[in-house]
Amino acid sequence: MYYQIKKKSTIPKEWFFFKPENFLDSKKLRNLSKKAGVIFFNNNLDINNFLKKIEPLLCFCRKRKIKFVIPFSKFWGNRYNPFGMMVEIDRKSKKIYSTKNKHRRYYTVAKVHNLKEAFLARGFVDLIFLSPVFKTNSYPDKKPLSKYIFISLCFFFKEELVFALGGVNYTNIRSIKNKKLYGFGAISCFKNYEKI
C-alpha cells in the first residue's frame, strides 16, 4: 500500500461518482464543495477516449483543487497526477498493478461487491467502496449487501479506508455507521449539493 492511515486526513469522506455523459451530473460537479472528491467512472472499455473526453473536467478539478480519481491509465496518471486511480479487482489486474506501480504517487481505489473480491483487495487497494449497500436507481437489479455482511466486510479490512456505495444518502448512512466506515460515495445524493 502507498499511503498509510496516518494520512487519512487528506482523504475526502464524500465522493461524487460522476458520469460525464449526464448533463445534470456536469452541473453537480460545478457546484460541488471542495470537501468532496470526484470519481470519474466509465462503463466503456475504451479508457483513452474516455479520458480524452473528460480532460477539460480534469483541468477544472485541478484548478478548483478538487481531489479526483480516474480509471487506471499510466499515461494519464503521469499527465494529470490524480489523487487516485480506479482498478479492477481480479488476480490478473492485481499482478499488473502490483508489479508495474511500486513507486506510484496515487491511491488505488476499487469497488468490492463480495467476499472473494474483498480477499483480492485487502493489502492491495488503499480505498475500498463496498457496494451496493442499499437499493439504487442506477443498478436496480443488484441485490444490496445485508447489514451483517456489510459490517463484517468493513472490519475485514485492516489498513484500507472503507466507504459505503450504492443508494447512500445523508440519512440512511446513519443506519450502517461503524468505527471502520470512513465515508461514502454516491450519485443522486449530490443532487441538491450546494457550493459552500
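Which residues does Phe40 touch, not counting residues up to four places away in sequence?

A: Phe40 touches Phe18, Pro20, Leu29, Phe50, Ile54, Leu57, Leu58, Cys61, Phe68, Val69, Ile70 and Pro71, with residues up to four places away in sequence left out. Contact here means heavy atoms within 4.5 Å. This is a predicted model, where local features need pLDDT of at least 70 and side-chain atom pairs count only at pLDDT 80 or more, while totals for chains, interfaces and linings use all residues. Residues are numbered from 1 along each chain as its sequence is written, and side-chain values use heavy atoms, without hydrogens and water.

Phe40 belongs to the largest nonpolar core, which has 50 residues. Such a core is a set of buried Ala, Val, Leu, Ile, Met, Phe, Trp, Tyr and Cys residues joined through side-chain atoms within 4.5 Å. Buried means under 20% relative accessible area, exposed over 50%, and partly exposed in between (1.4 Å probe, protein chains only). Leu29, Val38, Phe40, Leu130, Phe150, Phe157 and Ala164 touch the most other members. Another core, of 16 residues, lies apart from it; Ile39 and Phe83 are among its members. In soluble globular proteins, nonpolar side chains tend to be buried together.

Now the strands. Helices (H or I, at least four residues) and strands (E, at least two) are DSSP runs, numbered from the N terminus. Strand β2 covers residues 36-40 and pairs with β1 in the parallel sense over five bridges. Two strands pair if DSSP finds at least two bridges between them. Trp15 stands opposite Gly37 in β2. β1 also pairs with β8 (residues 181-186), again in the parallel sense, over three bridges. There, Gly185 is the bridge partner of Trp15.

β1 (residues 14-18) is mostly covered, with five of its five residues buried. Glu14, Phe16 and Phe18 point one way, Trp15 and Phe17 the other.

Phe150, one of the core residues listed above, sits in helix α7 (residues 147-156). The buried residues of α7 fall within an arc of 160° seen down the axis, so they line one face of the helix. That arc is taken from the directions from the helix axis to the C-beta atoms. These residues pack against α6 (115-121), β6 (127-130), β7 (161-165) and β8.

The chain has seven helices and eight strands. Of its 196 residues, 51% count as buried.
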